[in-house]
Amino acid sequence: MPAVARISVGAALMAALTVLASSPMARADFVPGGKGTGSETQVDGDQGDGTISASAGAVVFDRSKNGSGPKAGAVTSATTWTPPACYYAPKYTPEQLQKYLEPIWEAGSTGHEWDLSQRKRYVEGEPYKDFNKEKTGEGYWWDSYVTPGRIGDPGALDCDEPFFWVDTNDDPPADIPQAITPEMLAQLAYAEIRVPGTEVNLAPNGATKVNLPTWMWLDGADFKPVSVTASVPLLGVQATTTAEPVSVRIEPGTSDAETYPASGVCEIDNGRIGEPYAEGKANRTPPCGVKYLRSSGDDAYKLQATVTWKIHWTGTGVADEQPLPDGTFGGEQDVVVQEIQSVNR
């Protein structure tokens, strides 16, 4: 079957499985080497406590240490890099690949020449013989998977290699960059990271005044490191990707404003971003905040706070933390700015 056709079929399957994975009762088990048709894909969901530990294809995601909350969201890479839209991982035993391919060849839907070339590749020894049955139990046929949430992404078509065999404990071919390795697992886990919403605490709250410094801070209990672990149990490899908050960028929503600090970037300090306002601080300059120079009138300014998260990973065979591109996640909130009213006697 042509690679593009296989990817289209796989994309449709993954779309259905992504929906199923969002259901607490969703479960469809398939493990290469076990029972199954060879065309199934493993999905396992558990949402009992609001977290999800689920698999997509051969990759299992543990999201139990992820960010949560109604406004939690995925980070966006601060560079042009994005997590991969597709990857290769174990999918079939020799018998399962045979059960998958032979009905396609017999139907003749892909054309005689294509079917003949496929039989030569997988059956007649150019380069594989009889679907590699003599190696049953010693490895798996690998195939492409579309990363959850990336169906329809042009990058999902990048994985167009035909099925290939990898012996147990061997590395996948070096010339296939999307093949599962600990680093690839870390990149897939990056896409699963969720961080809390970025609505900042304000003092004064509700409405502030022109030329009055407004203090801003984020709840330290929410803004702590989060992580997702991705693994392939069949291969005994895993990687954990961790995101740690480092700063928040304040954009007041108008040029008629001054930020504290002047750069508008509040760095994390002693595990918190900004400093909560308390009685007795009225004459102090806030370490993180804004001063509006003009009233918002009958409207409100759209204050935007964007948190930068430093992201790194560790995994099987990796001794030290490895960097991944920083991620950002922002939110917007209304700030009403009023003129200071004076009383004339």
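**View 1. N211 sits in the loop between β12 and β13 of this predicted model.** Its phi is near 65°, a positive value in a residue other than glycine. N211 is partly exposed, with a relative accessible area of 49%. Most residues other than glycine have a negative phi, and most peptide bonds are trans.

**View 2. T214 is a residue of strand β13, which covers residues 214–217.** Is T214 buried or exposed? The relative accessible area of T214 is 2%, below the 20% cut-off, so T214 counts as buried. Leaving aside neighbours within four places in sequence, T214 is in contact with L202, A203, P204, T208, P286, C288, G289 and V290.

**View 3. A cis peptide bond links A203 to P204.** Omega here is about 5°. P204 belongs to the loop between β11 (201–203) and β12 (207–209). Both A203 and P204 are among the contacts of T214.

**View 4. The loop between α3 and β8 holds P127 and D130.** E126 and P127 are joined by a cis peptide bond, with omega about 10°. D130 has a positive phi of about 50°, although it is not a glycine. D130 is partly exposed, with a relative accessible area of 35%.

**View 5. Three strands form an open sheet in the order β7-β8-β9.** Pairing is antiparallel. Why does one side of β7 and of β9 lack a neighbour in the sheet? β7 (86–92) and β9 (164–167) stand at the edges with a single partner strand each, so one side of each stays without a neighbour. Neighbouring strands are turned by 45° against each other on average, direction ignored. β7 pairs with β8 (residues 139–146) over 6 bridges. A89 stands opposite D143 in β8. Helix α2 (residues 94–107) packs on the sheet and touches β7, β8 and β9. The direction of α2 makes about 105° with that of β7.

**View 6. The largest nonpolar core has 69 residues.** V59, L97, Y122, I180 and V248 touch the most other members. Strand β20 (residues 301–315) supplies the largest share of this core, 7 residues.

**View 7. Helix α4 (residues 182–192) is mostly covered.** Of its 11 residues, 9 are buried. Among them are P182, M184, L185 and Y190.

**View 8. Residues 1–54 have pLDDT under 50.** The model has 109 contacts beyond four places in sequence for this stretch. Where pLDDT is low, the predicted coordinates should not be read in detail. The protein chain averages a pLDDT of 84, and 82% of the residues score at least 70.

Notes:
Residues numbered from 1 in each chain as written. Predicted model: local features only at pLDDT ≥ 70, side-chain atom pairs only at ≥ 80, totals over all residues. Heavy atoms only, no water. Buried < 20%, exposed > 50% of the residue type's maximum accessible area, 1.4 Å probe, protein only. Helix = DSSP H or I, 4+ residues; strand = E, 2+ residues; numbered from the N terminus. Core = buried A, V, L, I, M, F, W, Y, C linked by side-chain atoms within 4.5 Å. Pairing = 2+ DSSP bridges. Axes fitted to C-alpha atoms, helices over the stretch in contact; angles between N-to-C directions. Contact = heavy atoms within 4.5 Å. pLDDT = per-residue confidence, 0-100.
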